[in-house]
Amino acid sequence: MPSAELRAKDSCPHCGRPVGLSRWTLLPSRDNKRILTCKACGGHFDLSNACKMASMLGGMVGMAVAVAFPFGWIIRAGHGSKLFLILGAIVVACGFCVASMTLASLALSLEARP
Ligand SMILES: [Zn+2]
């Protein structure tokens with residue numbers, strides 16, 4: 001059994017091979033019963049709870065920062081027009097996704113699931 005330091009963060013908890021996580025997997029999921037499957041060995045796994053929490057926290061911080069800064073600027077620049085409101089919402093969603101993925105990838109660890 002290789003030590004935790006030597007294993008890649010995205011290695012399968014069953015066979016140790018990289019599972020090739022999609023960035024989207026790192027986003028907070030409402031689905032608590034979600035189970036991911038390793039393509040190499042077919043073993044089931046999911047993100048660790050610490051990683052899920054980091055993802056959630058990162059998303060909230062990213063959203064708060066996006067609402068505090070670029071969203072306000074965009075709304076002011078567009079004088080409240082609908083197009084700029086949509087643009088602002090997209091920027092906030094991007095802030096959420098980027099910060100969430102970043103924090104989750106920093107805290108990334110995988111846990112075996114039955
Ligand atoms: Zn595997």
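Three salt bridges are counted in the structure, a salt bridge being a side-chain nitrogen of Lys or Arg within 4 Å of a carboxyl oxygen of Asp or Glu. The structure is a predicted model, in which local features need pLDDT of at least 70 and side-chain atom pairs count only at pLDDT 80 or more, while totals for chains, interfaces and linings use all residues. Residues are numbered from 1 along each chain as its sequence is written, and side-chain values use heavy atoms, with hydrogens and water left out.

In one of these salt bridges, the side chains of Asp-46 and Arg-34 meet at 3.2 Å, N to O. Because Asp-46 lies in strand β2 (residues 44–47) and Arg-34 in the segment before β1 (36–37), the pair ties together parts that are twelve residues apart in sequence; helices (H or I, at least four residues) and strands (E, at least two) are DSSP runs, numbered from the N terminus. Asp-46 is buried, with a relative accessible area of 0%, and Arg-34 is also buried, with a value of 16%, where buried means under 20% relative accessible area, exposed over 50%, and partly exposed in between (1.4 Å probe, protein chains only). The side chain of Asp-46 also meets that of Lys-52 in a salt bridge of 3.0 Å, N to O, and Lys-52 counts as partly exposed at 25% relative accessibility.

Another salt bridge joins Glu-111 and Arg-113, whose closest N and O atoms are 3.2 Å apart. Both partners are partly exposed, Glu-111 at 32% relative accessibility and Arg-113 with a relative accessible area of 22%. Through salt bridges that share partners, Arg-34, Asp-46 and Lys-52 are joined into one network.

The zinc ion is coordinated at 2.3 Å by the SG atoms of Cys-12, Cys-15, Cys-38 and Cys-41. Donors are N, O and S atoms within 2.8 Å of the metal (3.2 Å for Na, K and Ca), and because water is not among the atoms, sites may look incomplete. Along the chain, the donors of the zinc ion follow the spacing C-x2-C-x22-C-x2-C. The arrangement is tetrahedral because the four donor atoms subtend angles of 105 to 114 degrees around the zinc ion, four donors being counted as tetrahedral if all angles lie between 85 and 135 degrees. Of the coordinating residues, Cys-12 is buried, with a relative accessible area of 0%, whereas Cys-15 counts as partly exposed at 29% relative accessibility.

A nonpolar surface patch of about 900 Å² is made by Met-56, Leu-57, Met-60, Val-61, Val-65, Phe-69, Trp-73, Leu-103 and Leu-106. The elements that give two or more residues to this patch are α1 (49–77) and α2 (82–106), and the largest share, seven residues, comes from α1. Patches are made of residues with over 30% relative accessible area and no salt bridge, with like charges joined within 9 Å and nonpolar side chains (Val, Leu, Ile, Met, Phe, Trp, Tyr) within 5 Å; accessible areas come from the Shrake-Rupley method with a 1.4 Å probe, and for residues only the protein chains shown count as cover. Met-60 lies in helix α1 and is partly exposed, with a relative accessible area of 47%.

Ser-55 likewise lies in helix α1, but Ser-55 counts as buried at 1% relative accessibility. When residues up to four places away in sequence are not counted, Ser-55 touches Leu-26, Leu-27, Pro-28, Ser-100 and Ala-104, contact meaning heavy atoms within 4.5 Å.

How values were computed. Four donors count as tetrahedral if all angles lie between 85 and 135 degrees; four count as square planar and six as octahedral if opposite donors are over 155 degrees apart and all others between 65 and 115; anything else is irregular.
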